[in-house]
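Dear colleague,

My notes on what was found follow below it.

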Amino acid sequence: MRIHRENPARPRELVGSVPVTPSEAVDIIAREADRRFREWSRTTLAERLESLRSAADAIDAEVEDLSVLLARETGKPVADCRGEISFAAVYLRWVCDHARTMFVTTEIDDRQGRLSVTPRPYGVVAAITPWNAPIILSMLKLGPALAAGNTVLLKPSPLAPLTVTRVAALLPETTVVHGGPDLVRALIADPRVGKVAFTGGDAAGRAIAAAAGQALKPVVLELGGNDPAVFLDDFALTPDDYERLVLASFATSGQVCMAAKRLYVPQWRADEFLDSYLAAAHRILRVGDPLDESVTMGPVVSRAAADRVTALISDAAARGARIITLAKSPGGEGYFVDPVIACGLSDDAPLVGTEQFGPAVPLLTYHDEAEVRSRANDSELGLGASVWSADEDRAFAFAARLEAGFTFVNTHNRTGMSLRAPFGGIKRSGYGREYAEDGLREYIQPTVTHSPAAFRPGGPGLPARAYPTTTNA
């Protein structure tokens, strides 16, 4: 059996296919990954990092071909695909730079005793990745895991299996497997798999967490969000800021976990905001063939995704919302959905209360900060948020009371990311972190050797029932 991937812009066009990995094959595949782990983990850190730097160079050398393939299988504009793949190589090099100091044994020998802390890899890591940003979301797992000495079994989404497979072939000690939920369950259950990393929807995340819990295996989960963007009453946006804001919601056709999905604006500034927002959208949004360099928004990933988003928009219209089309799709057979902003909805509308994951965003008004803070926090999800204000201190103070794992100030989505900033969610948006040193630590276990001063040769000793104190431990 094979997984066939169509082009969302031209569904009759077959982009490529990959073989399905039978669940019963996991035992053999995991045994080999475990055998390779025992060799890979015995190499020096310097050797592993040299190999990963070579992989980053290899990715850079194939960016153009890979970006076209990624655009064809996902529907993302080719310029965005080029940026994603190049960024994955940048991140891999960042991992190499920082692993040099993090993935080493640290020793302390002082009056309290001798303490050695050694980072130990988990063994085989199962990485399960989505289709919307498949290269960077895979690299966030592959880079740290491989640098730490783990081997990886990588299972991409069936909606974007092709480019990931090509990129993974450039990395050491990475085996790609393809399939659905049965394969995921087999990976988690296999005794050689020591850790699971997943990015995707919360329903799949709950199933993965339950299976991993049953097997007593640690998990990193990033499960999406319904990110509020809160504009305080002193916000001051330039035309460029508005264009950046539009793309914060509509890049990748809105199919981004950290997209700006709810816009909260003071009632008395709503008309001003909407006029500037519409002008920016008309300037920046061009919907069409992802291979066209001038296109900024392609189709959604599948017919099911198009139907789901269209249903949300229809429901909003039925509730009396004013639906404003921001750009027109080219029509034809592709999975195109016109990007829209919906005005006049209440917070109980599905377009507001659920993660749309498509090119539709509600514009909501509020009267005071206490009200908007409560409404912004009224979600089971807590991945990202943003605060927009002319006063940075005021924005940070407001952000401190938002229930989000990552809050942007005066920007949103990828323009607000930083390699040094840990990224992840709270509430039902998951747990664990990616990026920054926290993202590296997810793939090591600190193991300790300790000789307390009291019991070293010539030490004073301690009574058998004594607890450690600041002077003897």
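**Pockets, cavities and a hairpin**

Sorted by class, the residues that line the largest pocket comprise 23 nonpolar, 15 polar and 12 charged ones. Please keep in mind throughout that this is a predicted model, and that the values given here are computed from it.

The volume of this largest pocket is about 1,100 Å³. Its lining is made up of 50 residues, and those closest to the centre of the pocket are Gly200, Gly201, Asp202, Ala203 and Ala204. Two or more lining residues come from each of helix 7 (181–189), strand 8 (193–199), helix 8 (202–214), strand 11 (262–266), helix 11 (303–318) and helix 12 (350–353). Helix 8 contributes the most to the lining of the largest pocket, namely six residues.

The second largest pocket holds about 470 Å³ of space. It is lined by 24 residues, among which Ala133, Ile136, Met258, Arg414 and Tyr435 are the closest to its centre. The elements that provide two or more residues to this lining are helix 4 (78–102) and helix 5 (134–148), and helix 4 has the largest share of it, with four residues. By class, the lining of the second largest pocket consists of 13 nonpolar, five polar and six charged residues.

The largest cavity contains about 70 Å³ of space, and of the 15 residues that line it, Pro228, Leu381, Gly382, Gly384 and Glu403 lie nearest its centre. Helix 13 (369–377), strand 15 (381–382) and strand 16 (384–388) each give at least two residues to the lining of the largest cavity. That lining divides by class into seven nonpolar, five polar and three charged residues.

Strand 1, which covers residues 2–7, pairs with strand 2, which covers residues 10–19, in the antiparallel sense and over six bridges. The two strands are joined by a hairpin through two residues, and arginine 2 is found opposite proline 19 of strand 2.

With best wishes

Definitions and conventions. Residues numbered from 1 in each chain as written. Predicted model: local features only at pLDDT ≥ 70, side-chain atom pairs only at ≥ 80, totals over all residues. Heavy atoms only, no water. Pairing = 2+ DSSP bridges. 1 Å grid on protein atoms, 1.4 Å probe; cavity = no way out; pocket = protein on both sides within 12 Å on 5 of 7 lines; lining within 4 Å. Points joined across faces, edges and corners; volume = space filled by probe spheres on them. Nonpolar A, V, L, I, M, F, W, Y, C, P; charged D, E, K, R; others polar.
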